[in-house]
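Try each one on the structure before reading its solution.

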Amino acid sequence: MYVQNANAPARKPVTVPGLHAMKAEGRRIAMLTAYDASFAWQLESAGVDVALVGDSLGMVMQGHASTLPVTLDHMVYHTAMVARGVSATMLVADLPFMADRDLPHVLEAGARLVGEAGAAMVKIEGGAPHILAAIEALTVRAIPVCAHLGLTPQSVHKFGGFRIQGREQEAADRVLAEALAVESAGADLLVLEGVPVALGERVTKAVKIPVIGIGAGPHCDGQVLVIQDMLGITRGKRPKFSKDFLIGHDSVAAAITAYVADVRSGAFPAPEHCFN
Ligand code: KIV
């Protein structure tokens, strides 16, 4: 029989106020994706602060070329599996493509991911006015929100590919303005993806909420990677912003433990993982 969290190391559960305190105290936050109970348990055991059930599952689990085919049912299914593998690690789940089409869909997605599947927070991409309204609608109903700015993968067709964002001054200023807006709307966490180091630093200093970078440089309050990338099992070329932590380690557990240690110390990301 599968015993939930058997032999779980004693650890204080990661909470929303706890994440805010980590930023205030300068303690870096280690976040990784997970899509099933076994890997969730690996994250839990290695002391990962936040497990993200990303809609990247469309690519790394389902074999699609983008996150767009992922449905709310898929997200609920994977989130419920991950929930059975974590206890102290906070669980964040992505709102899939077009869950933001209107507020009833946003609230339905939030209710299912938190109430049915067991997430503690939902993540939503973008900073447009309807996203700000969605963040407000979720947070007033006590569903914490992680915003996601910069290279937002659900906008792949608008961007013309998975391209670094915020390189020009105007675009950088727009990302910064969006970060301040999602914070004002009530977001408790911000994932910042695929932006130059200088913009990662500007955004992290400008907002009070923790900023978790992925290809956003070393100045963010924490880092997140897709677990397949950090275990060196990316299909195709591993992204520049990632690192294969299995190199030099002889198990998945040791690789994840090394990732957590390198995020906490600031050793990851190194300059070769960053964009200018
Ligand atoms: O879907 C995902 O895994 C994500 C991370 C890349 C941040 O959004």
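**Exercise 1.** Find which helices and strands each supply at least two residues of the lining of the largest pocket.

*Solution.* Start with the elements: helix H3 (57-60), strand E4 (121-125), strand E6 (189-193), strand E8 (222-225) and helix H10 (227-230) each put at least two residues into that lining. Helices (H or I, at least four residues) and strands (E, at least two) are DSSP runs, numbered from the N terminus. A pocket, on a 1 Å grid over the protein atoms alone, is an open set of points with protein on both sides within 12 Å along at least five of seven lines, a cavity is a set where a 1.4 Å probe fits but cannot get out, and lining residues have an atom within 4 Å of a point.

Before going on, note that this is a predicted model, where local features need pLDDT of at least 70 and side-chain atom pairs count only at pLDDT 80 or more, while totals for chains, interfaces and linings use all residues. Residues are numbered from 1 along each chain as its sequence is written, and side-chain values use heavy atoms, with hydrogens and water left out.

The lining splits into 17 nonpolar, nine polar and nine charged (Ala, Val, Leu, Ile, Met, Phe, Trp, Tyr, Cys and Pro are nonpolar, Asp, Glu, Lys and Arg charged, the others, Gly among them, polar). Last, the volume comes to about 790 Å³, taken as the space filled by probe spheres set on the points, with grid points joined across faces, edges and corners.

**Exercise 2.** Work out why strand E3 is largely enclosed by the rest of the structure.

*Solution.* First count: five of the five residues of E3 (residues 90-94) are buried, so the strand is largely enclosed (buried means under 20% relative accessible area, exposed over 50%, partly exposed in between, with a 1.4 Å probe and protein chains only). Then check the faces: Met90, Val92 and Asp94 are buried on one side, and Leu91 and Ala93 on the other.

Now look at the neighbours. Strand E2 (residues 50-53) pairs with E3 in the parallel sense over four bridges (pairing takes at least two DSSP bridges), with valine 50 opposite methionine 90. E3 also pairs with E4, parallel again, over three bridges; there, alanine 93 has valine 122 as its bridge partner. Finally, E3, helix H5 (residues 103-116) and E4 make a right-handed β-α-β unit: with the strands pointing away from the viewer, the path from the first strand over the helix to the second runs clockwise.

**Exercise 3.** Say how many cavities of 30 Å³ or more a search of the whole structure finds.

*Solution.* The search gives two. The largest has about 40 Å³ of space, and E8 provides the largest share of its lining, three residues. That lining has seven nonpolar, four polar and no charged residues. The second largest cavity, about 30 Å³, is lined by Leu95, Pro96, Asp100, Ile124, Glu125 and Gln154.
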